[in-house]
Amino acid sequence: MIDVPHSLLIDDEPAFAQSLKSLLAGRGLPLDVANSWDDGLNQFRVSLHELVIADYNLPNSRNGLKLLLEIKRLHPASRLILISGVLDAAAEAAIARTPLVNRYLTKTGASMSGVLAQEVADAAQRAQIGTDWLALGQNHIERVQIDERVLDEIDAALSVNLPR
Amino acid sequence: VTASYLDASALLRWSEAKIPNAESRNTRAAAHLTRLIDGADRVALSEITLAEFQSNVATHVRSPVFADCDQTWATTVVTEVMGWIATGRLEVLPSIPRMIAWAFTQVEVATRENGIALAVWDAAHIGYATTWARSLNEVVELLTTDSNFTTFLGAYPAFAVHIRVVDPST
């Protein structure tokens with residue numbers, strides 16, 4: 001087995017990233033970290049990670065659901081988790097209505113690190129088994145069904161309340 | 001660089017240098033490969049390389065174009081490669097379970113975004129070399145005589161952090 005990270009965290013808060021990386025390292029789970037969207041996308045291009053955990057708000061970087069669509073278009077099999085400390089319940093509900101994000105987590109949630117650690121462990125396990133072509137076929141169908149205009153509308157509505 | 005990954009074209013050029021009056025590009029590739037195998041650095045390939053190599057060797061045996069590439073030649077070159085593997089001079093990287101799906105995506109994206117001709121097997125070589133480089137945390141040289149690799153890396157420089165394409169026949 002060649003040991004490389006199968007999960008990618010895109011987050012501009014070094015303390016959060018380091019905390020999660022340390023937690024995972026203790027469990028023998030490597031994690032790739034990017035602090036901007038462009039860096040994250042570059043790393044994703046190379047690795048096509050099984051799991052991408054992305055912060056919604058990256059003040060010094062491009063951000064938004066449309067960017068997650070770039071990930072989905074590149075490799076629809078990747079599982080996407082959106083994390084945020086600023087989105088409210090209404091925003092969460094709007095995001096949940098799109099078929100883009102697999103899971104939404106609030107950064108302030110006490111159990112988030114544990115949930116993410118389990119997600120990263122699951123991704124590492126998935127990487128060790130053969131491709132689920134049935135699921136990948138379904139992922140490809142879903143990819144073309146995503147309505148970009150809906151994502152634009154959600155991004156526009158959410159951007160009003162985001163800190164800059 | 002202390003690690004080199006071979007695609008099938010690198011091995012095939014080496015094997016074609018075994019016939020009488022071999023082309024100079026093949027003798028140059030053979031000399032390069034022999035230096036690597038006899039040296040101290042790590043040299044590796046994947047199952048994809050071996051499958052492609054065996055397929056090409058068999059094609060040469062059947063083809064009237066390669067009259068000197070007969071069954072004796074095929075047995076000689078395949079046995080020599082397998083001997084390198086048996087003695088540990090040539091590593092076969094562990095299979096990566098989702099590599100074909102990874103390569104499937106890279107081929108789709110390279111064509112859609114940049115019109116680059118990239119075969120799925122070539123994408124898999126890039127995937128193996130890149131993954132090996134990431135695990136070693138160093139740049140790996142990918143030996144190939146196929147120019148499509150250089151074109152791909154030119155369009156996607158994120159890969160150049162991990163791999164460098166080297167044409168052993170030049």
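**Pockets and selected residues of chains A and B**

B:N137 is found in the loop that runs between α6 and β4 (140-143) of chain B. The model described here is predicted. B:N137 counts as exposed because its relative accessibility is 70%, and the cut-off for exposed is over 50%. Along the chain, B:N137 and B:H162 are 25 residues apart. Their C-alpha atoms are separated by 8.1 Å.

B:H162 also belongs to the lining of the second largest pocket. This pocket holds about 170 Å³ of space. Residues of both chains line it. From chain A come A:D32, A:D39, A:N42, A:Q43, A:V46 and A:S47. From chain B come B:R134, B:A158, B:V161 and B:H162. Helix α2(A) gives the largest share of this lining, with 5 residues. By class, the lining of the second largest pocket has 3 nonpolar, 4 polar and 3 charged residues.

The largest pocket contains about 670 Å³ of space. Its lining is made up of 38 residues. Those nearest the centre of the pocket are A:L48, A:E50, A:H75, A:A127 and B:R98. Several helices each supply at least two lining residues. In chain A these are α2 (37-47), α5 (112-127) and α6 (133-145). In chain B they are α5 (99-114) and α6 (120-136). The lining of the largest pocket divides into 17 nonpolar, 13 polar and 8 charged residues.

B:R98, one of the residues nearest the centre of the largest pocket, sits in the loop between β3 (91-92) and α5 of chain B. With a relative accessibility of 17%, B:R98 counts as buried, because buried means under 20%. Its contacts were examined with neighbours within four places in sequence left aside. B:R98 is then in contact with A:E50, A:R126, A:A127, A:I129, A:G130, A:T131 and A:D132. Among these partners, A:E50 and A:A127 are also listed with B:R98 as lying nearest the centre of the largest pocket.

Burial was also examined for a helix of chain B. Helix α1 (residues 8-16) of chain B is mostly covered. Of its 9 residues, 9 are buried. The buried residues of α1(B) include B:R13 and B:E16, together with B:A8, B:S9, B:A10, B:L11, B:L12, B:W14 and B:S15.

Conventions: Residues numbered from 1 in each chain as written. Chains lettered and ligands numbered in written order. Predicted model: local features only at pLDDT ≥ 70, side-chain atom pairs only at ≥ 80, totals over all residues. Heavy atoms only, no water. Buried < 20%, exposed > 50% of the residue type's maximum accessible area, 1.4 Å probe, protein only. Helix = DSSP H or I, 4+ residues; strand = E, 2+ residues; numbered from the N terminus. 1 Å grid on protein atoms, 1.4 Å probe; cavity = no way out; pocket = protein on both sides within 12 Å on 5 of 7 lines; lining within 4 Å. Points joined across faces, edges and corners; volume = space filled by probe spheres on them. Nonpolar A, V, L, I, M, F, W, Y, C, P; charged D, E, K, R; others polar. Contact = heavy atoms within 4.5 Å.
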